2 protein chains.
Amino acid sequence: MAVRQHKYLLDESEMPTRWYNVVPDLPTPPPPPLHPGTHQPVGPDDLAGLFPMELIAQEVSTERYIDIPDEVQDVYRLWRPSPLFRAHRLEQALGTPARIYYKYEGVSPAGSHKPNTAVPRVYYNAKAGVKKLTTETGAGQWGTALAFACSLFGLECEVWQVGGSYDAKPYRRTVIETFGGTVHRSPSRLTASGRAFPEGHSGSLGIAISEAVEVAAQSPEIKYALGSVLNHVLLHQTVIGEEALLQLAKAGEDGADLIIGCTGGGSNFGGLAFPFLREKLAGRMSPEIRAVEPASCPSLTRGEYRYDFGDTAGLTPLMKMHTLGHDFVPDPIHAGGLRYHGMAPLISHVYELGLMEAVSVEQTECFSAALQFARTEGIVPAPEPTHALAETIAEALRCKESGQEKVIVTALCGHGLLDLAAYDAYLRGQMVDSGLSDQDLARALAAVPVLG
Amino acid sequence: MAVRQHKYLLDESEMPTRWYNVVPDLPTPPPPPLHPGTHQPVGPDDLAGLFPMELIAQEVSTERYIDIPDEVQDVYRLWRPSPLFRAHRLEQALGTPARIYYKYEGVSPAGSHKPNTAVPRVYYNAKAGVKKLTTETGAGQWGTALAFACSLFGLECEVWQVGGSYDAKPYRRTVIETFGGTVHRSPSRLTASGRAFPEGHSGSLGIAISEAVEVAAQSPEIKYALGSVLNHVLLHQTVIGEEALLQLAKAGEDGADLIIGCTGGGSNFGGLAFPFLREKLAGRMSPEIRAVEPASCPSLTRGEYRYDFGDTAGLTPLMKMHTLGHDFVPDPIHAGGLRYHGMAPLISHVYELGLMEAVSVEQTECFSAALQFARTEGIVPAPEPTHALAETIAEALRCKESGQEKVIVTALCGHGLLDLAAYDAYLRGQMVDSGLSDQDLARALAAVPVLG
């Protein structure tokens with residue numbers, strides 16, 4: 001049989017040394033976040049209670065590139081550059097003329113893309129003298145990533161995990177503790193935000209964020225770290241797309257026709273897509289860029305583009321984003337990492353500019369795709385990127401119809417070895433789909449403040 | 001800070017294309033297996049009910065190298081070559097002058113080294129027209145690997161999992177099913193070997209092997225695949241050591257001073273160690289080679305070198321090996337993959353020849369090492385290789401005392417993401433050590449047939 005190359009690797013010396021900031025390349029800048037009290041644009045001082053100044057500077061930066069500190073690069077090299085795979089065996093099973101590539105972030109210590117931003121976040125906080133970081137986690141990938149990064153720089157890490165996930169996935173807590181972190185079930189009794197809900201409530205990302213923010217505000221030695229959504233988080237994730245561009249060239253491709261990623265808060269998607277968007281805006285490549293979201297939490301395809309809070313209690317700044325309403329609690333689908341009411345302001349803005357598209361998909365279709373993927377490519381995907389895989393497979397089958405040899409690049413942002421309850425439910429026929437009714441959506445949006 | 005390279009990668013084109021057979025390089029050949037009835041050396045025909053002829057030929061081969069079929073190489077390339085890491089961060093934490101390298105097999109679809117042999121086994125069986133493979137699994141890594149390989153070549157896969165592990169690790173079953181396999185709790189009601197034990201019995205690898213062998217013997221379209229122990233299994237695993245030799249040279253090392261691997265049946269250890277042993281026997285390198293086994297299942301350090309059965313029911317050929325007795329049931333330690341009563345005949349022979357050494361270690365020391373490793377290198381190790389890590393750390397600390405700059409290469413044969421119950425027990429202080437009393441050992445050895 002012909003020799004097929006499955007992986008395109010980069011040497012550690014080829015790892016990107018700068019993060020890419022898409023903001024200066026966009027035709028118009030994204031609208032600023034607003035102070036929750038005054039409704040005026042927030043300044044650096046408004047954020048100083050939550051984040052160290054170097055991260056605030058990155059949040060509002062208009063520089064195209066920001067150097068990755070040596071200390072961060074040294075940690076990145078524990079798993080980066082991550083591999084780009086050509087999915088020969090999946091293509092063969094589908095009988096498609098499309099060429100499918102997937103950028104795999106499951107090789108990281110947390111098993112997902114999250115350490116790409118956890119490591120610099122902890123580094124900058126450590127440099128600023130911070131002793132402890134608080135955060136929320138849903139499925140647990142972000143909490144794991146932050147605990148890992150804190151262990152390397154000697155910071156304490158305190159994680160509020162969404163109650164439903166805490167109960168359903170006890171081993172996520174074990175991993176976080178293995179990395180030295182502490183985990184609380186959210187809503188907890190430790191904060192006013194938590195005590196506002198009855199004990200045993202299944203929680204939400206919005207509530208867990210409120211709890212972590214509340215504790216961080218109590219001491220200058222404690223700061224908060226959000227796992228997605230913010231500009232600087234997406235910035236750090238651009239190492240994914242920068243590497244993928246280099247690897248695609250090694251694979252002999254002169255570009256990509258379609259970039260597909262799942263979207264929850266948007267960091268994995270932005271991380272892969274933004275460097276390709278730069279190439280598109282510069283006219284060097286013309287890929288379609290497509291976000292895939294769960295049908296039960298469709299912020300881009302069915303939410304409204306409005307100013308809304310990032311959390312349930314209204315403690316965060318107001319951000320202009322596609323939102324389903326800050327007190328919207330999505331159905332408990334298995335892709336816990338996609339159950340967020342809003343979309344990153346930067347991705348929302350790019351979407352409004354018409355530079356990308358979005359689709360939604362039901363979870364049973366996702367797990368059907370996941371099984372086909374596992375049985376051909378050998379990797380058990382996390383529930384989140386199964387959304388991207390479902391759309392990738394659907395597109396590859398459309399290519400089979402049309403005969404188009406599209407080059408598709410998809411983000412496989414993590415493995416599913418800590419999410420096997422989801423596979424178990426699917427294999428036993430116990431997984432159900434749950435869309436979002438117009439009534440529920442209207443009710444949730446009614447709670448969003450009317451602004452700008 | 002200075003730029004440190006953490007990973008030594010090989011391009012897919014540098015992947016070994018031959019397996020290495022240590023037999024012709026040994027001063028004397030290993031004693032042959034004996035027929036369980038006649039006690040005469042078994043011939044190929046005696047094994048034909050269990051294995052296809054190409055694997056039987058490998059089992060008795062005296063050729064130094066055997067070509068890896070293209071179809072197997074194509075699957076290997078899904079994850080191979082696997083990375084060799086330099087443990088800079090662990091070394092720094094220990095303050096050791098030793099240079100520690102670990103060869104990481106957790107990047108495979110099963111999360112362990114097992115697919116290295118599962119893939120060729122299924123390939124040769126498929127080529128011989130076999131429709132179904134049966135096997136045993138303890139911790140679950142072997143069952144996962146075989147199910148994965150069967151999915152690629154279109155074979156059915158039926159797995160008997162040791163009852164205690166089946167109950168304690170429900171998600172292992174989910175992974176095996178995700179790859180399309182079927183899992184039975186052993187002892188099952190499906191076989192006479194299983195029905196000899198009461199329902200709900202916690203089982204052992206020996207019992208599960210008997211069940212799988214019994215079913216395979218029922219039809220020429222069904223064969224059996226053992227996860228370790230046999231010569232051809234160790235042969236397939238030598239890709240590990242061959243790659244490590246190339247990678248060590250890329251790291252600028254002109255050799256290794258010490259090779260450390262954990263031993264259960266011996267396949268991971270042999271896979272890393274045998275290519276280094278070849279270099280040692282040829283005088284090109286002079287590494288010490290050290291096996292590490294659990295104190296509760298110490299076949300090399302406390303077993304006897306005798307002919308014994310590979311399974312509990314006495315269905316397999318008799319093999320000359322270090323054994324604790326074929327009906328010995330080790331304490332239920334967390335490293336399920338190391339709970340086997342015997343040691344690979346080839347490793348037993350190498351040990352008898354004085355070409356390697358062995359030590360044993362208690363499991364709490366292993367998990368203490370595992371936590372230190374996870375918090376510095378970012379990888380959560382499987383319980384089995386924590387034994388090798390504990391010895392690696394102990395040796396690195398001895399180097400700190402002596403000032404020796406030893407080059408240590410250790411086998412990190414899998415990740416522990418499906419073994420988190422073990423970490424949970426350790427973190428909550430609920431893990432206990434359990435040695436092996438002289439009385440229990442004597443009782444188990446009394447059941448071994450007196451032969452040769």
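This is a predicted model: local features need pLDDT of at least 70, side-chain atom pairs count only at pLDDT 80 or more; totals for chains, interfaces and linings use all residues.
Local features need pLDDT of at least 70, side-chain atom pairs count only at pLDDT 80 or more, and totals for chains, interfaces and linings use all residues. Residues are numbered from 1 along each chain as its sequence is written, chains are lettered from A, and side-chain values use heavy atoms, without hydrogens and water.

Q: What makes a residue of chain B count as in contact with chain A, and how many do?
A: Contact means heavy atoms within 4.5 Å. By that rule, 50 residues of chain B are in contact with 50 residues of chain A.

Q: What is the area buried between chain B and chain A?
A: Buried area is the accessible area (1.4 Å probe) that two parts lose on being put together, summed over both. Here that area is about 4,400 Å². Carbon and sulfur atoms give 56% of it. On the chain B side, B:Leu78, B:Thr178 and B:Arg375 lose the most area to chain A, together 15% of what that side buries.

Q: Why is the pair A:Glu177 and B:Arg428 called a salt bridge?
A: The term requires a side-chain nitrogen of Lys or Arg within 4 Å of a carboxyl oxygen of Asp or Glu. The closest N and O atoms of A:Glu177 and B:Arg428 are 2.7 Å apart. That is within 4 Å, so the pair is a salt bridge. The count between chain B and chain A is eight salt bridges.

Q: What counts as a polar contact, and how many residue pairs make one across the interface?
A: A polar contact is a pair of N or O atoms within 3.5 Å; within protein, one must be able to donate a hydrogen and the other to accept it, and residues adjacent in sequence count only if both atoms are side-chain atoms. The rule finds 26 residue pairs across the interface of chain B and chain A, both residues at pLDDT 80 or more.

Q: Which helix gives the most to the side of chain B that touches chain A?
A: Helix α8(B) does, with six residues. Helices here are DSSP runs (H or I, at least four residues), and strands are too (E, at least two), numbered from the N terminus.

Q: How do you know that the two copies are related as by a two-fold axis?
A: The copies are superposed by least squares on C-alpha atoms of residues with pLDDT of at least 70 in both. A rotation of 180° with 0.0 Å of shift along its axis places chain B on chain A, at RMSD 0.0 Å. The copies are therefore related as by a two-fold rotation axis. B:Leu417 comes closest to that axis among residues of chain B, at 3.3 Å (C-alpha).

Q: Why is A:Ser186 called buried?
A: Buried means under 20% relative accessible area, with exposed over 50% and partly exposed in between (1.4 Å probe, protein chains only). A:Ser186 has 0%, so it is buried. This residue is found in strand β8 (residues 182-186) of chain A. Its contacts beyond four places in sequence include A:Trp160, A:His201 and A:Glu211.

Q: Is B:Thr263 buried or exposed, and where is it found?
A: B:Thr263 is buried, at a relative accessible area of 1%. It is found in the loop between β10 (258-262) and α13 (267-281) of chain B.

Q: What makes helix α15 of chain B mostly covered?
A: Six of its eight residues are buried. Among them are B:Leu346 and B:His349. What covers them includes α11 (231-237) and β12 (304-309) of chain B.
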